[in-house]
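Work through the exercises below with the model open beside the text, and try each task before reading its solution.

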Amino acid sequence: MYEQQILKILNDAGENGLKVAKIARHVYNDCNTLFEPHSLEEIHKAVLAFLMKNAKSKDPLVEKLQWGVYRLNTNSNRVCQLIMQFDEDNQQAERKSAAPSVDLTLSLFEEQGY
């Protein structure tokens, strides 16, 4: 349910990884809305389950560094593809924000040629 958010957060965290509680807090802040509230406990359980499941698979997406600390497994082919996808998304967002916006609002104080 929160896979994309978890993977993006771990990608942003880098090689040092993050504790499960911090990952859960970031996911909670990303997903919680006024109209669709989620409990932090529910999200923490889902994050922990995702991390544990994906740290023990044959080609793990995440690796456990120490007790409660996880990071992306950079040796995984799937992770390399995800990192490239995240980089492309970031570049597209930067291009959109860098494009100059045109001010189409009308001024109340400009002289009108009547």
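A polar contact is a pair of N or O atoms within 3.5 Å, where, within protein, one atom must be able to donate a hydrogen and the other to accept it. The exercises concern a predicted model.

**Exercise 1.** Determine whether Asn73 is buried or exposed, and find which backbone oxygen the side chain of Asn73 reaches.

Solution. Begin by locating the residue: Asn73 sits in the loop that lies between strand E3 (69-72) and helix H4 (77-98). Next, take the cut-off, by which buried means under 20% relative accessible area. Because its relative accessibility is 7%, Asn73 counts as buried. Finally, follow the side chain of Asn73, which reaches the backbone oxygen of Pro60 at 3.0 Å.

**Exercise 2.** Describe the surroundings of Asn54, stating which residues it contacts beyond its neighbours within four places in sequence.

Solution. Asn54 belongs to helix H3, and with a relative accessible area of 9% Asn54 is buried. A polar atom of the Asn54 side chain lies 2.9 Å from the backbone oxygen of Phe50. Once the neighbours within four places in sequence are set aside, Asn54 is in contact with Pro60, Leu61 and Val62.

**Exercise 3.** Classify the packing of helix H1 against helix H2, and name the residues that make the contact.

Solution. The first step is the geometry: H1 (residues 3-13) and H2 (residues 20-31) pack at an angle of about 125°, and their axes are 10 Å apart. That angle makes H1 oblique to H2. The crossing in which H1 passes H2 is right-handed. From H1 the contact draws on Gln5, Ile6, Ile9 and Leu10, and from H2 on Ile23, His26, Val27, Asp30 and Cys31. Sorted by class, the contact of H1 with H2 comprises six nonpolar, two polar and one charged residues.

**Exercise 4.** Repeat the analysis for H1 and helix H3, asking which residues of H1 and H3 meet.

Solution. The axes of H1 and H3 (residues 40-55) come within 11 Å and cross at roughly 70°. The two helices, H1 and H3, are therefore roughly perpendicular to each other. On the H1 side Glu3, Ile6, Leu7 and Leu10 take part, meeting Val47, Phe50 and Leu51 in H3. The residues of this contact of H1 with H3 divide into six nonpolar, no polar and one charged.

**Exercise 5.** State whether Asp12 is buried or exposed.

Solution. Asp12 is found in helix H1, and its relative accessible area of 53% makes Asp12 exposed. The C-alpha atoms of Asp12 and Leu72 are separated by 9.8 Å, although these residues are 60 residues apart along the chain.

Technical notes:
Residues numbered from 1 in each chain as written. Predicted model: local features only at pLDDT ≥ 70, side-chain atom pairs only at ≥ 80, totals over all residues. Heavy atoms only, no water. Axes fitted to C-alpha atoms, helices over the stretch in contact; angles between N-to-C directions. Helix = DSSP H or I, 4+ residues; strand = E, 2+ residues; numbered from the N terminus. Parallel < 35°, antiparallel > 145°, perpendicular 65-115°, else oblique. Left-handed = near helix turned anticlockwise from the far one by under 90°. Contact = heavy atoms within 4.5 Å. Nonpolar A, V, L, I, M, F, W, Y, C, P; charged D, E, K, R; others polar. Buried < 20%, exposed > 50% of the residue type's maximum accessible area, 1.4 Å probe, protein only.
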